[in-house]
Amino acid sequence: MLELARNPVLDDVFDEFFADATTPRPNYARLAATLGAIETDTLVNGVRAINAALLRRGVTFTVYAESSGTERIFPFDPIPRIFSYREWRRIAAGVEQRVRALNAFLHDVYHDGRILRDGRVPRELVYSSDLFVREMIGVRVPGDVYIHVSGIDLIRDAQGTPHVLEDNVRTPSGISYVLENRDVLKRTFPRLFDGYRIEPVDDYPLRLLRTLRDAAPAGAREPNVVVLTPGVYNSAYYEHAVLARAMGVPLAEGRDLVVVDNAVFLKTTHGLERVDVIYRRIDDDFMDPLYFRPDSSLGIVGFMNAYRAGNVGLANAVGTGIADDKALYRFVPSMIRFYLSEEPLLQNVETLDCSDATMRRHVIDHLAELVVKRTNGSGGYGMLIGPASTAAEREEFARAVEAAPRAYIAQPVVQLSSHPTLIDGRLEPRRIDLRPFALYGKRIDVPPAALTRVALREGSLVVNSSQGGGSKDTWVLAEGDGA
């Protein structure tokens, strides 16, 4: 049987499962009782079968940093993370508030620039960003919505208070793991669900489709939607295919689409079909070789002309990347106050902007104590975790920061909360984060479908799939569930 007790090694870290050394938190009481009655071999063999099934289904990602482009699964852990309904509503309200403010910021910087004139956000940080798209200045998008799909990464500090670690508003991924995790856990370990009423996640594709149809240009009565993928070699291709299939819409590559008279059409065996909305899973630079990278074969020639003319909707809008530039992250609380006249419901992590000379000197003098990130980085790449770094690595980062200060920010090391995780047949504490997804159509919807990522390596704070992380099923208890 599994030993259910809090590991004292992480006493200074918030434990999601345990209230004290041996007492589970109320949400976890029933789960603890069930786990205590399951043989360890049953769990271990079940997880082995689940990971094999995920591999057969193609639920993999590509590690681009490796020369071979290795295909890997995102390892699954069977011990779910549980939120009460009330706790989830607080998180959802904070995510909704943040997305609303970020969307207002995008509309503002591409139109009136009020927040820049007011000095709340430095003009030079916006205009110097590689993610600011000048071609979007003055362009109206349907419903003034730029961020149709977002993933906001949250962590908890030592007191259990949630903080936003970063915003993902370009092409956030991970929802396919949420859907698969729930399916495989219910099939393999149905006993874990005994006594719980849990909000479903399998309606996410329908919610997404509703959001995408809301992004159609005015006059499109029954909008035709396509999912635009870079193709089978993309690390998230499985997710693109799953969502397209679940929504009942075509999965298309750039070569399958054509622009005629400033409208986008899908090539089919029956001729051309008008496309009203594109859910794009490729970056801005590849969307249209006439406007951006001329060597791109992933996008659609002439797309931007159709888009600027208002003849096609795009989720997410071109130019949204400026809202998740890490150099602008520290100004999101100011955006909330400026646009919404509200206090932030979710706090930021303290952040130092290396383009500021005083902050930069502090960062370089304290590299051993800080986490340094590239402002346009993702996936855990291009990052220095000071306490785990070598002197040579710190020297390299110091030179890089001095050479391109606008490209880096720094944050204190936040320990992340821990959660029991099955490691070699034992339950051991591992650090976790949370990515709730928000859908912005006629209104903002934060479904109870969130991705919990877990750092499987002992002592690691990096949960990214490409850096050895895994995932857990995330449960949101139904309203009125007393757990």
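**Figure 1. Strand S21 between its two partner strands.** Strand S19 (residues 426-440) and S21 pair in the antiparallel sense, joined by five bridges. Helices (H or I, at least four residues) and strands (E, at least two) are DSSP runs numbered from the N terminus, and two strands pair if DSSP finds at least two bridges between them. The model is a predicted one, in which local features need pLDDT of at least 70 and side-chain atom pairs count only at pLDDT 80 or more, while totals for chains, interfaces and linings use all residues. Residues are numbered from 1 along each chain as its sequence is written, and side-chain values use heavy atoms, with hydrogens and water left out. S21 also pairs with strand S22 (residues 469-476), in the antiparallel sense over four bridges. Arg453 in S21 stands opposite Asp433, and the bridge partner of Arg453 in S22 is Ser471. Six of the six residues of S21 (residues 450-455) are buried, so the strand is largely enclosed by the rest of the structure. Buried means under 20% relative accessible area, exposed over 50%, and partly exposed in between (1.4 Å probe, protein chains only). In a regular strand the side chains alternate between the two faces of the sheet. In S21, Ala450, Thr452 and Val454 on one side and Leu451, Arg453 and Ala455 on the other are all buried.

Figure 2. Eight of the eight residues of S4 are buried. Both faces are covered, with Val149, Gly151, Asp153 and Ile155 on one side and Ser150, Ile152, Leu154 and Arg156 on the other. S4 pairs with S19 in the antiparallel sense over four bridges, and Gly151 stands opposite Phe437 in S19. Six bridges join S4 to strand S5 (residues 162-168), and these two strands run antiparallel. Ile152 has Asp167 as its bridge partner in S5. S4 and S5 form a hairpin with five residues between them, and Gly160 in the turn has a positive phi of about 90°.

**Figure 3. Crossing of helices H3 and H10.** Two packed helices are described by the angle between their axes and the distance between the axes. The axes of H3 (residues 85-109) and H10 (residues 332-340) come within 9 Å and cross at roughly 80°. Axes are lines fitted to C-alpha atoms, for helices over the stretch in contact, and angles run from 0 to 180 degrees between N-to-C directions. H3 and H10 are therefore roughly perpendicular to each other; angles under 35 degrees count as roughly parallel, over 145 as roughly antiparallel, 65 to 115 as roughly perpendicular and the rest as oblique. Residues of H3, including Ala101, Leu102 and Phe105, meet residues of H10, including Met335, Ile336 and Tyr339. Contact means heavy atoms within 4.5 Å.

**Figure 4. The nonpolar cores.** A nonpolar core is a set of buried Ala, Val, Leu, Ile, Met, Phe, Trp, Tyr and Cys residues joined through side-chain atoms within 4.5 Å. Of the 75 residues in the largest core, Phe105, Met136, Ile278, Phe303, Tyr307 and Met335 touch the most other members. H3 supplies the largest share of this core, ten residues. Leaving aside neighbours within four places in sequence, Met335 is in contact with Ala101, Leu102, Phe105, Ile115, Val121, Leu328 and Leu340. Another core, of 55 residues, lies apart from the largest one and has Val149, Val178, Val225 and Leu451 among its members.

Figure 5. An open sheet of four strands has the order S14-S17-S15-S16, with antiparallel pairing. Strand S14 (352-353) and S16 stand at the edges, each with a single partner strand, so one side of each is left without a neighbour in the sheet. Five bridges join S15 to S17, and the bridge partner of Leu370 in S17 is Pro412. Helix H12 (residues 391-403) lies across S15, S16 and S17 and runs at about 135° to S16. Thr375, in the loop between S15 (370-374) and S16 (383-385), is buried, with a relative accessible area of 5%.

Figure 6. Most residues other than glycine have a negative phi, and most peptide bonds are trans. A cis peptide bond joins Ala315 and Asn316, with omega about -5°; Asn316 lies in the loop between strand S12 (313-315) and H10. Phi of Asp144 is near 55°, and Asp144 counts as partly exposed at 26% relative accessibility. Leu416 has a positive phi of about 65° and counts as buried at 8% relative accessibility.
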